[in-house]
Amino acid sequence: MTSSVKTTKVYDEIIDFIAAGTTPQSVINFRLSEAAQERLEDLVYKHKMGELTPDEKRELDHFLTLEHIMRLAKARAYKYIKAE
């Protein structure tokens with residue numbers, strides 16, 4: 001894992017995606033980068049092993065909250081596309 005991934009929060013990609021503006025289709029198509037996915041897997045592994053630092057726990061918690069919002073947004077985006 002590169003040091004840039006460690007210093008960038010895994011949820012930053014979601015925030016950047018939202019901030020850049022979206023369409024229903026881009027919401028549906030959104031996927032984390034491979035680097036962010038690796039970071040997430042690392043955090044989940046550390047969580048399972050009981051090795052998360054407090055900062056990593058916050059990072060994982062924030063990601064899970066945003067990930068839930070993205071799932072809801074994707075479901076809503078499908079409705080918008082179907083209505084067109």
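F30 is buried in this predicted model, with a relative accessible area of 13%. F30 also belongs to an aromatic pair, in which its partner is F17, and that is the 1 aromatic pair that the structure holds. Around this pair stands a protein chain with 5 helices and 0 strands, in which buried residues make up 26% of the 84 residues.

**The aromatic pair**

- The rings of F17 and F30 lie 4.6 Å apart, centre to centre, with 35° between their planes, and the pair is described as tilted.
- The two partners come from distant parts of the chain, since F17 sits in helix α2 whereas F30 sits in the loop between α3 (24-29) and α4, which places them 13 residues apart.
- F17 has a relative accessibility of 15% and therefore counts as buried, the limit for that class being under 20%.

**The chain as a whole**

- Read from the N terminus on, the elements of the protein chain follow the order α-α-α-α-α.
- The C-alpha trace of the protein chain spans about 45 × 25 × 15 Å along its principal axes.
- Of the contacts in the protein chain with a separation of 6 or more, 63% are between residues 24 or more positions apart.

**Packing of α2 against α5**

- Two packed helices are described by the angle between their axes and the distance between the axes.
- Helix α2, which covers residues 12-19, packs with α5 at an angle of about 40°, and the axes of the two helices are 10 Å apart.
- This angle makes α2 oblique to α5, and the crossing of α2 and α5 is left-handed.
- On the α2 side the contact is made by I14, I15, F17 and I18, and on the α5 side by F63, L66, E67 and M70.
- By residue class, the contact of α2 with α5 consists of 7 nonpolar residues, no polar residues and 1 charged residue.

**Packing of α4 against α5**

- Helix α4 (residues 34-49) and helix α5 (residues 54-83) pack at an angle of about 120°, and their axes are 10 Å apart.
- With that angle, α4 is oblique to α5, and the crossing of α4 and α5 is left-handed.
- The residues that make the contact are R39, L40, L43, V44, K46 and H47 from α4, together with E56, E59, L60 and F63 from α5.
- The residues of the contact of α4 with α5 divide into 5 nonpolar, 1 polar and 4 charged.

- E59 is found in helix α5, and at 2% relative accessibility E59 counts as buried.
- A36 is found in helix α4, where at 6% relative accessibility A36 counts as buried.
- When neighbours within four places in sequence are left aside, A36 is in contact with V10 and E13.
- A36 and K9 are 27 residues apart in sequence, and their C-alpha atoms are 8.2 Å apart in space.

- A75 is found in helix α5 and is partly exposed, with a relative accessible area of 42%.
- A separation of 16 Å lies between the C-alpha atoms of A75 and I18, which are 57 residues apart along the chain.
- I81 lies in helix α5 and is partly exposed, with a relative accessible area of 28%.
- Not counting residues up to four places away in sequence, I81 touches P24, Q25 and I28, residues that fall within α3 (24-29).
- I81 and Q37 are 44 residues apart in sequence and 27 Å apart in space, C-alpha to C-alpha.

Notes
Residues are numbered from 1 along each chain as its sequence is written. This is a predicted model: local features need pLDDT of at least 70, side-chain atom pairs count only at pLDDT 80 or more; totals for chains, interfaces and linings use all residues. Side-chain values use heavy atoms; hydrogens and water are left out. Axes are lines fitted to C-alpha atoms, for helices over the stretch in contact, and angles run from 0 to 180 degrees between N-to-C directions. Helices (H or I, at least four residues) and strands (E, at least two) are DSSP runs, numbered from the N terminus. Angles under 35 degrees count as roughly parallel, over 145 as roughly antiparallel, 65 to 115 as roughly perpendicular and the rest as oblique. A crossing is left-handed if the near helix is turned anticlockwise from the far one by less than a right angle, and right-handed if clockwise. Contact means heavy atoms within 4.5 Å. Ala, Val, Leu, Ile, Met, Phe, Trp, Tyr, Cys and Pro count as nonpolar, Asp, Glu, Lys and Arg as charged, and the others, Gly among them, as polar. Rings of Phe, Tyr and Trp (its six-membered ring) pair if their centres lie within 6.5 Å; planes under 30 degrees apart count as stacked, over 60 as edge-to-face and the rest as tilted. Buried means under 20% relative accessible area, exposed over 50%, partly exposed in between (1.4 Å probe, protein chains only).
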